[in-house]
Protein chains: 2
Amino acid sequence: MTATFTLAVDAMGGDKAPEMVVHGLEYAAERHPNAKFLLIGDEARLNTLLGRYKRARAICTVRHASETISNDMKPTAALRSRQSSMRLAIDAVASGEASGLVSAGNTGALLALAKIVIKALPGIDRPAMAAISPSARGDVVMLDLGANVQCDVRNLVEFAVMGDVFARTVLGLTAPSIGLLNVGSEELKGDDTVREAAEILRASHIGPQFHGFVEGHDIAAGTTDVIVTDGFTGNVALKTGEGALKLIGEFLKQVFTSGIIAKLAYLMVRPGLDRLREWLDPRRYNGAVMVGLNGVVVKSHGGTDAMGFAHAVDVAMDMVVHRFNERIREDLARIGLDKRTPAEKNGRDQKPGAQPGSTDDTHLATA
Amino acid sequence: MTATFTLAVDAMGGDKAPEMVVHGLEYAAERHPNAKFLLIGDEARLNTLLGRYKRARAICTVRHASETISNDMKPTAALRSRQSSMRLAIDAVASGEASGLVSAGNTGALLALAKIVIKALPGIDRPAMAAISPSARGDVVMLDLGANVQCDVRNLVEFAVMGDVFARTVLGLTAPSIGLLNVGSEELKGDDTVREAAEILRASHIGPQFHGFVEGHDIAAGTTDVIVTDGFTGNVALKTGEGALKLIGEFLKQVFTSGIIAKLAYLMVRPGLDRLREWLDPRRYNGAVMVGLNGVVVKSHGGTDAMGFAHAVDVAMDMVVHRFNERIREDLARIGLDKRTPAEKNGRDQKPGAQPGSTDDTHLATA
């Protein structure tokens, strides 16, 4: 018998919430029968839905929230809303009532609220957004995806430590290889920030796993299990890859619907194409994780369906069950970043007013 | 009768040089019968080759170069080689003997030599690398692709001006739309550098063409005709897109060769798939251009074939014939960047020792 964990769930976030969320928990109930879910949102609507989703009802406790954070609400406005479903989910994690939370709501609001209310792990300068992408050699973890548009050496090193733990915890790898995204693989390439971060990583406890610099094409090639980069580059790279896949997907759709012969050909290779589609299924990669917080925070894509939401719940459960944050804390102690003072930071420092990226579409979409 | 232009050609750069180069000029001779080519390299080998490629011979003058810049030579070493084919081609442009040059050689060496010997256009702070990519809505120009790993506001604005002229000159557009790559499309997203650059562009003569911020997925979607970004992000984005396309290409190859039925299906949709392959053909997009120099410098992919090299020659000819540099000079005068002093610069300033990216693979490869 495994221990019981509680996850808070923002029932009102997402395009098809709250039904999509409750339906997603119906799937989650099968996979995590020992978990408990604190389902937060419009009590009346949630109770009606739980009448239809019996398995979800068995694992959920409903908590009423009178407000909802809309998708276009600015983070500053979201911070003022104390009774929103998102805020109450965050409060439950901050108070220790829940070990983590899942929300398909407004990304910027979730990030801002989580940083302010749940706070960063001791020793972590900046929490980051991480997600899993498909590659030619298995799943790849990439971070940061937009939480920090400018990063210094320390941030990149912390991202590597957190990415390593993420790959071990969620992907189940023993010694994930780690690459630092750059404009070339030679040691002299890039700017001082990436070069200094590479030096620190090489000398650290994860040195044996550190592959060195990787380039954009290494993401899809799966050259390393973890790709570390600043939030600006990571956000652009993720969306560029998604865009390229979507372009091909649309072109292929045209090819296979261009006439009766093409449609017949489609039927003949359908199993293979279905495998491709399944492999790139955005739902499989749903769940961008805010790593480096005092609790597990998973952001589901806003447009996801129940199955995608259940995947985001899986990610949160993996992180909670496998002690994600405790392991980060242990590893940070080993790398000794705490001994570095802020004055030692250099590189692309955060400027006042720098706005994080939209990562509402942090998955590889294929149309 | 159009005017005659001379292009210098580095005959020794590229994996299959010099034969690939001379063969490429055989194609170019058909398309540009009025052009003259100064073919620089090993005289004996070139004369033998020109014996086989008669049309190329008719338009070429051979100049002997006793040295060759290898692909792994550091830019500093390349600078010391005064008799290399690449150096003599650059000298020919610097002296005005040729209007431009094409080389499939070492990218870093070419960039360094061009900046030092040919020099930047008056009013241009930093030359950039630009290239054309396919998108759902036609060809897209992206820059910088790695010449400058850190860029300030002024650099981004200059890239926009040069990208606009490039799209008009090479793509033949009347009023190309211009997007500034960012982590979100809202005005508040990103850092001070992109926000300030956006403000300047909005108020400038290309304001009506300025679409505002675009995101990674907008590259393949073709949301704008020109994508402006710093060299770090541009290099990563370009290679990430290439990598994603290559991944799908390999998967499709597997699907269509997985058995006799799949092979039959392939034959049935072959015209459509051939169109896809042709559309994404790296040779069509061969020719990364170093914009902002006192002469036209086109870098062909090192692994290209004769047809790809001929495409790079086309790009160089388009730029020369359509007065690319004169038009940049006119537009820079209109935007008035010259009045900004270096002290006004801010943002991601270049640090000493920042190394440009490898852009030897600046094309969208599809396997």
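# Strand pairing, burial and symmetry

Modeller: Val289(A) stands opposite Val298(A) in strand 11 of chain A, in a model that is predicted.

Biologist: How do you know that strand 10 of chain A pairs with strand 11 of chain A?

Modeller: Pairing requires at least two bridges found by DSSP, and 3 bridges join strand 10 of chain A to strand 11 (residues 296-299), so the two strands count as paired, and they run antiparallel. They form a hairpin with 4 residues between them, and in its turn Gly292(A) has a positive phi of about 95 degrees. Strand 10 of chain A is also joined by 3 bridges to strand 5 (residues 128-133), again in antiparallel fashion, with Met129(A) standing opposite Met290(A).

Biologist: Which residues of strand 10 of chain A point one way, and which the other way?

Modeller: Ala288(A) and Met290(A) point one way, while Val289(A) and Val291(A) point the other way, and all of them are buried. This is in keeping with a general rule, since in a regular strand the side chains alternate between the two faces of the sheet.

Biologist: Why is Asp191(B) called buried?

Modeller: The cut-off for burial is 20 or more other C-beta atoms within 10 Å, and Asp191(B) has 20 such neighbours, so it counts as buried. Asp191(B) lies in the loop between strand 7 (178-181) and helix 8 (192-203) of chain B.

Biologist: What makes the relation of chain A to chain B that of a two-fold axis?

Modeller: Chain A superposes on chain B by a rotation of 180 degrees, with 0.0 Å of shift along the axis and an RMSD of 0.0 Å, and that is the relation of a two-fold axis. The C-alpha of chain A nearest the axis belongs to Ala265(A), 2.2 Å from it.

Biologist: How do you know that the copies meet through the same surface?

Modeller: Of the interface residues of chain A, 100% are also interface residues in chain B, so the surface is the same on both copies. The contact takes 56 residues from chain A and 57 residues from chain B, and helix 10 of chain A gives the most to its side, with 21 residues. By class, that side of chain A has 28 nonpolar, 18 polar and 10 charged residues.

Biologist: Over which residues of chain A is the pLDDT below 50?

Modeller: Chain A averages a pLDDT of 88, but residues 339-353 are among those with pLDDT below 50, and residues 361-367 also stay under 50. Where pLDDT is low, the predicted coordinates should not be read in detail.

Key
Residues are numbered from 1 along each chain as its sequence is written. Chains are lettered from A and ligands numbered from 1 in the order in which they are written. This is a predicted model: local features need pLDDT of at least 70, side-chain atom pairs count only at pLDDT 80 or more; totals for chains, interfaces and linings use all residues. Two residues are in contact if their C-beta atoms, placed from the backbone, lie within 7 Å. Ala, Val, Leu, Ile, Met, Phe, Trp, Tyr, Cys and Pro count as nonpolar, Asp, Glu, Lys and Arg as charged, and the others, Gly among them, as polar. Copies are superposed by least squares on the C-alpha atoms of residues with pLDDT of at least 70 in both. pLDDT is the predictor's confidence in each residue, from 0 to 100. A residue is buried if 20 or more other C-beta atoms lie within 10 Å of its own, exposed if 12 or fewer, and partly exposed in between; C-beta atoms are placed from the backbone.
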